[in-house]
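Hi,

Here is the structure I promised to pass on.

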Amino acid sequence: MSIEHTHGHDHESHAAHDDHHDHKPTGFLNRWLFTTNHKDIGTLYLVFALLMFFTGGAMAMVIRAELFMPGLQLVEPDFFNQMTTMHALIMVFGAVMPAWVGFANWMIPMMIGAPDMALPRMNNWSFWILPFAFAMLLSTLLMDSGGPAAGWTLYPPLSLQGGQSFAFVVFAVHMMGISSIMGSINVIATILNMRAPGMSLLKMPLFVWTWLITAFLLIAVMPVLAGAVTMLLTDHFFGTSFFNAAGGGDPVMFQHIFWFFGHPEVYIMILPAFGVVSEIIPTFARKPLFGYTAMVYATASIAFLSFIVWAHHMFTVGMPLTGELYFMYATMLIAVPTGVKVFNWVSTMWQGSMTFETPMLFAIGFVVLFTIGGLSGLMLAITAADLQYHDTYFVVAHFHYVLVPGSVFALMAGAYYWLPKWTGHMYSEKWGKIHFWISAISVNILFFPQHYLGLAGMPRRIPDYSTQFADFNMISSIGGFIFGASQLIFVGVILHCVYKSREAASGRVWEGARGLEWILSSPPPYHSFNTPPVIDATTVAHAGEAH
Amino acid sequence: MAQHTADQYYVPHGTKWPIVGSLGMITMLGGAAFWVNDYSLAPWAFAVGALILIYMMFGWFGQVIRESEAGLYNAQVDTSFRMGMMWFIFSEVMFFACFFGALFYARMFSVPWLGGEGTGASTNELLWQGYDAVWPTAGPAQLGGPFRTIPAFGVPFINTLILLSSGVTVTLAHHALKKDHRKGLVLWLLATVALGFVFVFLQVEEYKEAYQQLGLTLGSGIYGSTFFMLTGFHGMHVTLGAIMLTVIAIRSMRGHFKPEHHFGFEAVAWYWHFVDVVWLGLFLFVYVY
């Protein structure tokens with residue numbers, strides 16, 4: 001919108017673009033604050049996500065410490081509620097989602113043969129909104145009223161009774177939404193517009209496919225969340241009655257709108273995980289992915305179904321029976337494409353010459369443990385049974401199985417898989433394996449007993465419990481402390497790989513790896529591809545399929 | 001400066017504008033959050049944040065426009081911009097869908113249920129006995145007191161005609177631009193801008209009437225809530241669109257845009273058509289039915 005156009009060019013627009021294609025910008029601010037480079041922005045996202053993972057993790061430790069024994073011992077109930085609320089908000093919006101965007105930034109341009117993302121400056125902004133949004137969200141913990149304590153779902157009327165913090169949470173959510181929408185627009189434009197000639201859609205790596213669909217979901221539902229929290233804001237401060245029955249509104253309406261966002265949101269966190277696992281298993285099974293096209297269609301089907309199943313989160317609010325039945329059957333349909341995926345991963349491994357490096361261990365851990373979470377999801381989908389399970393620890397166990405040994409294990413798998421590519425050094429395989437085994441064992445000690453707690457009737461989001469739940473809670477807390485501590489190994493492995501490791505990584509890194517990112521050096525050049533690469537069976541994994 | 005050809009990729013250099021935008025955003029939204037909590041200095045923080053955001057937009061768009069006019073952008077960059085705008089408009093569609101969803105839910109479910117329909121029989125009997133659920137309603141407690149609604153075939157209908165005509169004028173401007181008919185381009189654009197601001201003016205008058213004479217306010221139960229949120233957000237979008245059109249008109253007067261290369265113009269035109277279509281939905285479901 002330059003109205004001052006005639007006043008001439010400022011020095012910035014005079015920079016000769018061709019000249020610094022292969023040079024990193026100099027100076028700390030130039031490099032990290034003003035960057036338009038997909039790798040630097042990807043690194044920023046990943047480091048930010050890791051910081052948030054430990055912030056949210058510290059809150060989880062508070063929760064598990066309080067629940068170690070029956071009775072109230074460490075924290076006030078209201079602070080406990082703040083911890084459960086903030087833990088969820090931070091892990092969902094601050095850790096898992098930004099981590100996946102970090103992977104998207106690093107990998108998508110390399111995987112499709114592009115120099116960078118399609119809209120590099122907007123890419124910078126997508127990231128740099130996040131630290132401010134989370135500063136705002138975390139600052140609520142220091143306010144007189146404390147942080148939000150009504151759960152991450154922000155159900156009214158409870159959330160409307162929050163103090164000062166409420167408006168800050170709403171605006172922080174708005175900022176996260178703006179960041180996500182811009183990031184997703186960038187991903188879609190990159191994938192649809194920046195592919196190297198010959199990289200047709202059905203030759204794209206599955207990680208690119210899953211992110212294309214994830215980005216679509218994000219653009220479709222983040223504005224709905226923004227609208228929902230805006231209505232909360234106006235109900236609280238400006239006298240509207242959206243969620244107030246006295247004015248003709250309905251608190252349940254918020255739940256419908258929230259979960260119209262919320263259900264696609266959970267797939268936003270898992271679809272890129274499907275993509276990463278679909279990259280890793282073929283590499284270490286030394287076989288092409290079984291049923292590539294079916295995987296693409298299954299991903300699209302899951303995304304479609306995610307829009308029409310939301311009310312299965314609300315079976316106990318008093319819906320008409322026909323609604324309950326519809327949402328039950330629609331939800332169960334999701335098992336079909338998800339089953340296609342699980343069977344395809346297993347079939348990929350079938351008769352492969354497998355080796356078990358750390359990324360493969362995490363990927364196999366993902367397949368096994370995510371499936372447990374998927375199956376408990378099917379149990380929850382049965383309306384009649386859900387009336388019993390709803391808001392118990394069974395639900396907590398279910399979604400933590402799909403998110404922790406699901407999404408987070410896939411993030412770990414991807415991090416180990418591509419660390420040598422990113423840094424040019426090999427990580428410590430020994431410590432990677434130690435990290436995997438301690439994580440895999442402790443995560444089950446942490447979450448498996450919670451199934452029994454929920455089936456026995458222990459409600460979620462309560463700081464105290466009946467003594468009958470004591471043993472399983474103590475076991476779960478011990479698992480939680482081990483799992484939390486073991487993630488420090490991960491940080492150690494990363495720091496060692498980045499700063500200390502002497503073992504140089506080859507371009508291909510893994511013997512069985514296929515795809516354009518592996519034809520680049522390790523670490524890759526600052527701008528991945530200055531001219532489009534050749535696409536054929538020697539460079540990409542799915543060159544021969546679908547023709 | 002080197003022209004970027006289609007077989008070579010273009011990557012823009014770094015810029016300070018995103019971080020300036022983030023600072024503006026946190027100042028403005030943080031100010032808003034303090035404002036609703038009644039801190040006396042908060043409106044100033046809000047205003048400062050808004051000014052920083054405006055400064056960012058001038059700077060960022062200005063830089064992009066200069067680079068575009070200097071011929072730095074190739075066809076691939078143009079396509080990226082187009083996709084970016086289209087998906088941004090899709091996100092806006094979903095934002096409005098959220099409020100339309102609230103309207104439909106209230107009218108189809110929550111209000112009839114409060115009146116005793118379906119599973120709401122006992123709710124009506126025990127809590128809101130005698131509530132006659134007829135739309136428009138301020139709910140069983142008559143929040144905000146009695147009110148009258150704005151008739152569809154008065155100002156809203158005129159506004160419909162105005163927006164539809166502005167869709168025609170912006171298209172005529174586009175045709176003029178494609179034929180390199182600069183005078184037609186500027187005149188039709190100015191006509192569009194004028195129609196846009198007349199719409200906003202009439203909308204403000206309508207709000208004044210609602211508040212001062214009809215007793216219809218944001219607090220008038222679910223009717224007032226959905227009415228003002230939908231028309232209010234739409235009005236904000238029209239205002240923004242009219243400002244965008246103004247910028248495009250000024251750029252046209254300065255000789256920007258070429259018959260075969262004018263993404264900035266098209267993006268604004270798309271946005272304007274989007275605002276137009278949302279209004280048709282509003283006119284039907286908020287005013288007429």
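Let's start with one helix pair: H5(A) packs against helix H1 (residues 17-36) of chain B at an angle of about 35°, and their axes lie 8 Å apart. (Axes are lines fitted to C-alpha atoms, for helices over the stretch in contact, and angles run from 0 to 180 degrees between N-to-C directions; helices, H or I of at least four residues, and strands, E of at least two, are DSSP runs numbered from the N terminus.) The crossing of H5(A) and H1(B) is right-handed, meaning that the near helix is turned clockwise from the far one by less than a right angle.

Before I go on, this is a predicted model: local features need pLDDT of at least 70, side-chain atom pairs count only at pLDDT 80 or more, and totals for chains, interfaces and linings use all residues. Residues are numbered from 1 along each chain as its sequence is written, chains are lettered from A and ligands numbered from 1 in the order in which they are written, and side-chain values use heavy atoms, with hydrogens and water left out.

Back to that pair. On the H5(A) side, the residues that meet H1(B) include Trp125(A), Trp128(A) and Phe132(A), and their partners in H1(B) include Ile19(B), Leu23(B) and Leu29(B). By class, this contact has eleven nonpolar residues, four polar and one charged (Ala, Val, Leu, Ile, Met, Phe, Trp, Tyr, Cys and Pro count as nonpolar, Asp, Glu, Lys and Arg as charged, and the others, Gly among them, as polar).

Now the whole interface. Chain A puts 84 residues in contact with 83 of chain B, contact being heavy atoms within 4.5 Å. The two chains bury about 7,300 Å² between them, 72% of it on carbon and sulfur atoms; that is the accessible area (1.4 Å probe) lost on putting the two together, summed over both.

How many salt bridges cross from chain A to chain B? The rule finds one, between Glu67(B) and Arg121(A), with the closest N and O atoms 2.9 Å apart. (The cut-off is a side-chain nitrogen of Lys or Arg within 4 Å of a carboxyl oxygen of Asp or Glu.) Arg121(A) is also among the H5(A) residues that meet H1(B).

Two backbone details in chain A: a cis peptide bond joins Pro156(A) and Pro157(A), with omega about 0°, and Pro157(A) sits in the loop between H5 and H6. Another cis bond links Ser522(A) to Pro523(A), omega about -10°.

Cheers
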